[in-house]
Amino acid sequence: MLIREYRIPLPLTLDEYKIGQLFSVAELSRMETKNGEGVEFLTNEPFSGHPLFDNRFDSGTHTYKIYRLTSKFPSFIRLLFDGNTMDVHEESWNAFPYCRTVVTNPGYMKNNFSIIVESMHENGRAENDNAHLLNPEELEKRTVVTVDIGNDPCTKCDYDKENDPSRFVSLKTERGPLKDDWISTVNPIMTCYKLVRAEFKWFGLQNRVENYILDTEQKLFLRFHRYLFCWIDRWFGLDMDDICQMEEEIRVKLSIQMRNQRIVKNESLHGILSEI
């Protein structure tokens, strides 16, 4: 198992991030659901009495999603599954400022694959060296990466000129652009500390795949938080009631969309088979 901590500074308050994060998760889920692939929401409900971290943060929102995104996996990963289901299940407990997410593939890999992401959100400029209270053995295994949404390069397919923090200026907050040493100078500022544990038990490929998972998580964190900041004028001023309404509308819409896409896919397959 590999352990990597990503520290992501953002020019936001904690309360602002809580709203922006929920808005951006819902919006990206909507954007990525098409052509028979995407996100299916199974559960989105309150939880309580379930301590998550250091006997704290025992209430919040529990979600369960299935990501059907086979085409987004690299070819060497798809070959490993050899026609078996690559659907990824994500179970998450959001007890902000702490969140815990567990990603698995129960259909094929079962207990041999997991990604566990623990997120702690604090005020400050990425200066907490042990936000997750790791023991000495875990600290020895952990590597730390700072993700700079203003200066870190994106892949060509992820770059969006309209959502580039180094160019964007918020009309509502007058924050941005995020250039040069912005992390040292902006106010307000907070940091997401994301601790990722990746495990892929497959002899001969474990290290390669686990490193691929961690590199992919870094790209996802960079992309997600670039959008979150550049969408600030869309979510700034919303409250939790607004977010809950938006989440429910998108959940219903995506459920219908995924079901209709599967129906069309099955009908097309039936038509092909009937001609054979």
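Is Asn55 buried or exposed? Asn55 is exposed, with a relative accessible area of 72%; exposed means over 50%, buried under 20%, and partly exposed in between, using a 1.4 Å probe and protein chains only.

This is a predicted model, where local features need pLDDT of at least 70, side-chain atom pairs count only at pLDDT 80 or more, and totals for chains, interfaces and linings use all residues. Residues are numbered from 1 along each chain as its sequence is written, and side-chain values use heavy atoms, without hydrogens and water.

**Backbone**

Most residues other than glycine have a negative phi, and most peptide bonds are trans. Helices (DSSP H or I, at least four residues) and strands (E, at least two) are numbered from the N terminus.

| Site | Backbone value | Loop |
|---|---|---|
| Asn55 | phi about 60 degrees | between β2 (38–48) and β3 (59–68) |
| Phe96 to Pro97 | cis, omega near 20 degrees | Pro97: between β4 (88–95) and β5 (98–105) |
| Asn187 to Pro188 | cis, omega near 5 degrees | Pro188: between α4 (182–185) and β8 (190–200) |

**Cavity**

A search of the whole structure finds one cavity of 30 Å³ or more. A cavity is a set of points, on a 1 Å grid over the protein atoms alone, where a 1.4 Å probe fits but cannot get out; lining residues have an atom within 4 Å of a point. The largest cavity has a volume of about 40 Å³, the volume being the space filled by probe spheres set on points joined across faces, edges and corners. Cys154, Asp158, Asp160, Asn163, Arg223, Arg226 and Tyr227 line the largest cavity. By class, its lining has four charged, two nonpolar and one polar residue. Asp, Glu, Lys and Arg count as charged; Ala, Val, Leu, Ile, Met, Phe, Trp, Tyr, Cys and Pro as nonpolar; the others, Gly among them, as polar.

Conventions: On a 1 Å grid over the protein atoms alone, a cavity is a set of points where a 1.4 Å probe fits but cannot get out, and a pocket is an open set with protein on both sides within 12 Å along at least five of seven lines; lining residues have an atom within 4 Å of a point.
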